Structures are given as structure tokens and as C-alpha cells.
Amino acid sequence: MQFEEKKGDLIKLNGYKANTVLSKIVYVYEGKDSEHPSGGKKRLINAKYFSGIYEGNKGNESLWKEVAEYIKYNYDVDKIKRIFINGDGAPWIKSGTKYIEKSTFVIDKFHLNKYINQICASLDEGKKGMLKSSILNNINKKDYELLEAAIDTIEGEIPGDITKQFESGKKFLLRNFKYIKNGIYYKNYLCGCSAEGHVSHILSGRLSSRPMGWSKKGVDKVSKLRVFKANGGDFLQLVRYQKKDNILFSARVASNQIKKMIYLSQGVRGL
């Protein structure tokens, strides 16, 4: 960010400006195409995206209520058996289960494997393969004590200069064991999590891949416009919703109009 409220007001932490802000993204989908017509990556079925800054507990509540409202208007909720919320364990993602009916949080495999690899990163190849298998086996057994014992076995092999990396991985696995187990219980119903790719293509590709300066308002508006595009929105139609002085509606007003258009055009589908 270039500023919080006005130029020059960014605070410094350890000599560095605290000049970043998080734009969140949530996407709802029904599964993946069994076959992609071009033979490439599978596509998500009926994917709809939501994004913006949504700061603090009130912001999280607002975001997840938007998602819940979309589900209510587009699906027969009584026929939904379960909704899975995948993510990296961030509190704002976990909080979605408070607002989305019949939802269960699951740690996505990308971050699960990331932290397992982080724990074993400094080991030689022979031990690395053996101990990674031990961790995965105990996760599949859904046994917390055996998992903790397997990680403790590795700890004695870790060089002192990378203990922070090891501790970070250990903390992630043990703190999120409940949600890792959910992935085992429901493995036949899960179809993976592609959040990292969506963050890259929808948000980072415009907001942060190249050095840029932003205000919070700018990040929030551009995030909403990016998901409007990803949702198949018509920018010409959007531009027609202008004030009399020819200034484009705020992204929040546009977002509400977009939601109404989506609800009206799609009707209700049952899962």
C-alpha cells in the first residue's frame, strides 16, 4: 500500500514499512469436469468467485454471509448433504463453518504436503523418504500420538540452524490435526483445492505480480472487478450502471448488482 489513510502514515516494523494488505478470495463450485475438451487441466463446475479486503471479524462475517446468500439463492439447501471448505488453516477461512450450513473445514493437500516437506527438508534422501512415509501413514491412521511420535523422531536429526522451519511445520500439523483427519474421513468426496492457482491468476496477476502501489479502497474495488470478470460478467453492461455525473458505481454497489443479476439469471439448482 502507498498509505493507510493519507500519505506518509505507514508505520514501520523492524525498519520495514507495514505496507501490505490481504485481499481474500472464496470460490464455490460443484466439482470438476470429468474430461476437459482440450485434454488439459480439469475445469471447476459452476465456479463463482467472491473477493475483497473484508478486514477483521466483521469483514469475515460479511464475506461468508455473501457466500451463504449465494448458496441459498442458487441451490436447494435441503438437498445438500455436505459442503467442504478447503484452505491452509487461516482463522478467517476456518470461520466459514460458522456461516455456511452443513460445512466442514479440511486442510488442503497442497499445504499439508508443504509442511510435511518442511519438517523433513534437512534430512538426507534415505531418511527423508522413510520419515515422510511414517508421517503420512500415521495421518492415514488418524492417530495423533503416533504422528507426534514420528515427528519427534525427526526432531533429533534436525540441524540447529533450521529448527524454526521444523517447529513451524510441526506446529501446523499438530494444531490442525482435526482438520487433516477430515480430509481422510471424506477423501472419497473431496476433489482437491486449487486456491493457490486462483489467487495467482485472479488476484496476483493484477495486484501484485509486478510492483504496484495501492490504497485499501483500490485493492478492494479491483479485487471485486477481477472476480466479476472471472464470473463471466459483462463490463459493458456494468459500465451502463453509472451515476448521472458519469462516475462508475463503487465496486461494492456494482458487486451487489452483480449478485442480483446472477441470482435472477440462474434460479435454483439442486445438488
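Helix α4 (residues 125-140) and helix α5 (residues 144-155) cross at roughly 165°, and their axes come within 8 Å. Axes here are lines fitted to C-alpha atoms, for helices over the stretch in contact, and angles run from 0 to 180 degrees between N-to-C directions. The angle makes α4 roughly antiparallel to α5; angles over 145 degrees count as roughly antiparallel, under 35 as roughly parallel, 65 to 115 as roughly perpendicular, and the rest as oblique.

This is a predicted model, in which local features need pLDDT of at least 70 and side-chain atom pairs count only at pLDDT 80 or more, while totals for chains, interfaces and linings use all residues. Residues are numbered from 1 along each chain as its sequence is written, and side-chain values use heavy atoms, with hydrogens and water left out.

**The protein overall**

The protein has eleven helices and six strands. Helices (H or I, at least four residues) and strands (E, at least two) are DSSP runs, numbered from the N terminus. Of the 271 residues in the protein, 37% are buried, where buried means under 20% relative accessible area, exposed over 50%, and partly exposed in between (1.4 Å probe, protein chains only). The accessible surface comes to about 16,700 Å², and 50% of this belongs to carbon and sulfur atoms. Such areas come from the Shrake-Rupley method with a 1.4 Å probe; for residues, only the protein chains shown count as cover. Among contacts between residues at least 6 apart in sequence, 57% join residues at least 24 apart. Contact means heavy atoms within 4.5 Å.

**Helix pairs**

Two packed helices are described by the angle between their axes and the distance between the axes.

| Pair | Angle | Axis distance |
|---|---|---|
| α4 and α5 | roughly 165° | within 8 Å |
| α5 and α6 | roughly 175° | within 11 Å |
| α3 and α6 | about 140° | 8 Å |

α4 passes α5 in a left-handed crossing, that is, the near helix is turned anticlockwise from the far one by less than a right angle, whereas clockwise would be right-handed. L131, S134, I135, N138 and I139 of α4 meet L146, L147, A150, I151, T153 and I154 of α5. The residues of this contact divide into eight nonpolar, three polar and no charged. Ala, Val, Leu, Ile, Met, Phe, Trp, Tyr, Cys and Pro count as nonpolar, Asp, Glu, Lys and Arg as charged, and the others, Gly among them, as polar.

The axes of α5 and α6 cross at roughly 175°, which makes α5 roughly antiparallel to α6. On the α5 side are Y144, L147, E148, I151, D152, I154 and E155, which meet F166, E167, K170, L173 and L174 in α6. By class, this contact has seven nonpolar, no polar and five charged residues.

Helix α3 (residues 109-120) packs on helix α6 (residues 163-175) at about 140°. That angle makes α3 oblique to α6, and the crossing of α3 and α6 is left-handed. From α3, the contact takes in H111, L112, Y115, I116, Q118 and I119; from α6, it takes in Q165, F166, S168, G169, K170, F172 and L173. Seven nonpolar, five polar and one charged residues make up this contact.

**Two single residues**

N60 is found in helix α1 (residues 56-74). N60 counts as buried because its relative accessibility is 10%. Not counting residues up to four places away in sequence, N60 touches K24, Y54, E55, W92 and S95.

Y179 lies in helix α7 (residues 177-185). Leaving aside neighbours within four places in sequence, Y179 is in contact with K94, F105, V106 and I107. The C-alpha atoms of Y179 and N86 are separated by 9.5 Å, and the two residues are 93 residues apart along the chain.
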